[in-house]
Amino acid sequence: MTARMGTARLGPAERSAALEQMGVAELDVVVIGGGIVGAGVALDAATRGLSVGLLEARDFASGTSSRSSKLIHGGLRYLEQLNFDLVREALQERALLLQRIAPHLVRPVPFLFPLTHLGWERPYVGAGLVMYDSLGFSFGFTRGVPGHRHLSRRRALRLAPALRRTAFSGAVQYWDAQVDDARYVMTVLRTAATYGAHVASRAQVVGFLREGERVTGVRVRDLEAGTELAVRARQVVNATGVWTDDIQELVGGRGQIHVRASKGIHLVVPRDRIHSLTGIILRTEKSVLFVIPWGRHWIIGTTDTRWDLDRAHPAASRSDIDYVLEHVNEVLSVPLTRDDVEGVYAGLRPLLSGESEETSKLSREHVVAHPVPGLVMIAGGKYTTYRVMARDAVDAVAHGLDQRVPPSCTDRIPLAGAEGYQALWNSRHRMAQSSGLHVARIEHLLQRYGSLIDEVLVLIERDPSLARPLAGADDYLRAEIVYAATHEGARHLNDVLARRTHVSIETFHRGLAVAQEAAELLAEPLGWDAEQVKREVEYYTKRIEAERLSQEQDTDHEADAIRLGAPEIVPVATPDPV
Ligand SMILES: Cc1cc2nc3c(=O)[nH]c(=O)nc-3n(C[C@H](O)[C@H](O)[C@H](O)COP(=O)(O)OP(=O)(O)OC[C@H]3O[C@@H](n4cnc5c(N)ncnc54)[C@H](O)[C@@H]3O)c2cc1C
């Protein structure tokens, strides 16, 4: 109980306090970017005893880190590219996250690999999976997921009756892990704040403080207040994913690392559209396609195409959607149509630019650089290995600080909500009785909040109307909407419907049917008047309409132009180089 008493909140008051604190004394480190990499860096630095600030221009995780396939995995296809070290590292992280760091947020997930070639394919895939499973063992840990198994076509069909009989000859099933990527970032940030990090969203870095060549801090625009402040820091970390080059431009000079964007889209369909007890992985000509179980839904993706347009709101076009449908339909006995699609999202991979023009061949490994004194840049990598990326970036920070800094200890730091999770899970029936909620609801809450569930239940105790589900998105309780604002850093309706919950991709109405109710629930914790409630609903509606329309367009350019037609509720500023 005591361990979780002190978990930091990320409410509006805490945001103001964090910005104020960042303006007062020189920090050891300031991190630009509140995606998984920036969040990981903030936690790594704070737990080494450094003073830390983190600035995010939009909502936490609103960039790539809420738009991934949501897998914590080694990546079977890197094995095929013989990149064993990358796979081993990722699988060791998988074991650590599953068993120690975030057992409440990271879960095992099975995949069926249908075999289509008689003869060579089973031994080939089987040998790969023997290696995948054995690379997954790490010092002091078990793999955290069951091992793979070979299946005849008949047994595979029992697991996945949705598969078309003639589409495959047999199958192999293996296990990986999955995570709610946006919630995970927010949880890492709450953990970092608990260890003393100051974190603020809607706070954009618009320039650098310099002392000659040396970077000595950043200039920040508080986008909510319209004010500007200077944050002094001994080291600045650029963790801005696909915006890395923009920050490099702000500091001037030629960067050593270039990052370019590759778009990947996913479709969300209701669970009953594909009758299967397991996820499915399919080979495509360029890469792989996953069919991933996601609560009462399936997530299907992804694509891999170059993207040079708007990076804040990458748009999925009709061609992207058709590509995914076409590939998944190759193996389904009842094909999916566009009418089955509840949600669509697109994300941008931050790829280190290399010689090869084909994005699917660019490196997934990360790089740390010190482009000018006082600035560390971390780029590339993937979600699964964020902790390793963060460790390497903070090692570079430590080097620049010229003082003894203890080694990274995040491999031993459970995230907020992890402590006591197992015991609470085992008591879920008792919790259901005492709270009056159904046990399925308690399970859902435990898998989103872990042992922080008490904080949500307290809200319900104070106001029993919060125990009701949202009318139109009944996976979520009204209390979860309030909690997103008071504790989880949500500042706008879109933050809540797209990232703290996933109503915007999990319902056919894409959140429009609950927007008014959710905005009204947010009014009190965020201090909105009736005018602001109306504005929030209007902006959200415009966003959804623009997204829907962009998904009818054939090309990226047309889709992007339409998506850009929906204004931002808090527009970002034009940066201002020194
Ligand atoms: C389609 C797709 C599927 C993927 N699937 C997986 C997967 O299943 N498993 C896996 O391990 N990896 C996966 N990845 C990769 C993974 O999602 C990314 O590597 C990771 O999320 C990148 O995180 P990041 O923190 O570097 O970037 P981001 O999450 O984009 O964060 C960068 C942040 O910087 C902020 N920022 C930019 N400029 C400024 C500024 N001036 N001031 C303040 N803040 C600023 C942005 O707003 C943004 O929030 C996938 C990626 C994609 C696109």
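Let's start with Val237. Leaving out residues up to four places away in sequence, Val237 touches Val29, Val30, Val31, Ile32, Val41, Val376, Ile378 and Val397. Keep in mind that this is a predicted model. Val237 lies in strand S10. Is Val237 buried or exposed? Val237 is buried, because its relative accessible area is 0%, and the cut-off for buried is under 20%. Now take Leu375. Val237 and Leu375 sit 138 residues apart in sequence. In space, their C-alpha atoms are 5.9 Å apart.

One of those contacts of Val237 is Val41. That takes us to helix H3. H3 covers residues 36-47, which is 12 residues. From first C-alpha to last, H3 reaches 16 Å. That is close to the 16 Å expected at 1.5 Å a residue.

How many residues of H3 are buried? The count is 12 of the 12, so H3 is largely enclosed by the rest of the structure. The buried residues include Ile36, Gly38, Gly40, Asp44 and Thr47. Note Asp44 in that list; it is buried too.

What do the buried residues of H3 pack against? Strand S1, residues 27-32, and strand S2, residues 52-55. Then helix H8, 181-194, and strand S10, 227-238. Then strand S18, 375-380, and helix H11, 386-401. 38 residues surround the ligand. Which are the closest? They are Glu56, Arg58, Ser65, Leu71 and Thr384. Glu56 has an N or O atom in its side chain 2.7 Å from an oxygen atom of the ligand. For Thr384, a polar side-chain atom lies 2.7 Å from a ligand oxygen atom. A backbone N or O atom of Ile36 lies 3.3 Å from an oxygen atom of the ligand.

Ser62 is in contact with Glu56, Arg67 and Arg499, leaving aside neighbours within four places in sequence. Where does Ser62 lie? Ser62 is in the loop between S2 and strand S3, residues 71-72. Ser62 counts as buried because its relative accessible area is 10%.

Now the aromatics. The count comes to 8 aromatic pairs. One of them is Tyr184 with Tyr383, and this pair is edge-to-face. The ring centres are 6.1 Å apart, with 65 degrees between the planes. The pair links distant parts of the chain, 199 residues apart. Tyr184 is in helix H8, and Tyr383 is in the loop between S18 and H11.

Are these two tyrosines buried or exposed? Tyr184 counts as buried, at 1% relative accessibility. Tyr383 is buried too, with a relative accessible area of 11%.

There is also a ring cluster. Ring pairs link Phe111, Tyr132, Tyr174 and Phe290.

Last, charges over rings. Lys70 lies over the face of Trp294, 5.8 Å from the ring centre. Lys542 lies over the face of Tyr539, at 5.7 Å from the ring centre.

To recap. H3 is largely enclosed by the rest of the structure.

Technical notes. Residues numbered from 1 in each chain as written. Predicted model: local features only at pLDDT ≥ 70, side-chain atom pairs only at ≥ 80, totals over all residues. Heavy atoms only, no water. Helix = DSSP H or I, 4+ residues; strand = E, 2+ residues; numbered from the N terminus. Expected span 1.5 Å × (residues − 1). Buried < 20%, exposed > 50% of the residue type's maximum accessible area, 1.4 Å probe, protein only. Contact = heavy atoms within 4.5 Å. Phe/Tyr/Trp six-rings, centres within 6.5 Å; stacked < 30°, edge-to-face > 60°. Lys NZ or Arg CZ within 6 Å of the ring centre and 35° of its normal. Near = heavy atom within 4 Å. Polar contact = N/O pair within 3.5 Å; in protein donor to acceptor, adjacent residues only side chain to side chain.
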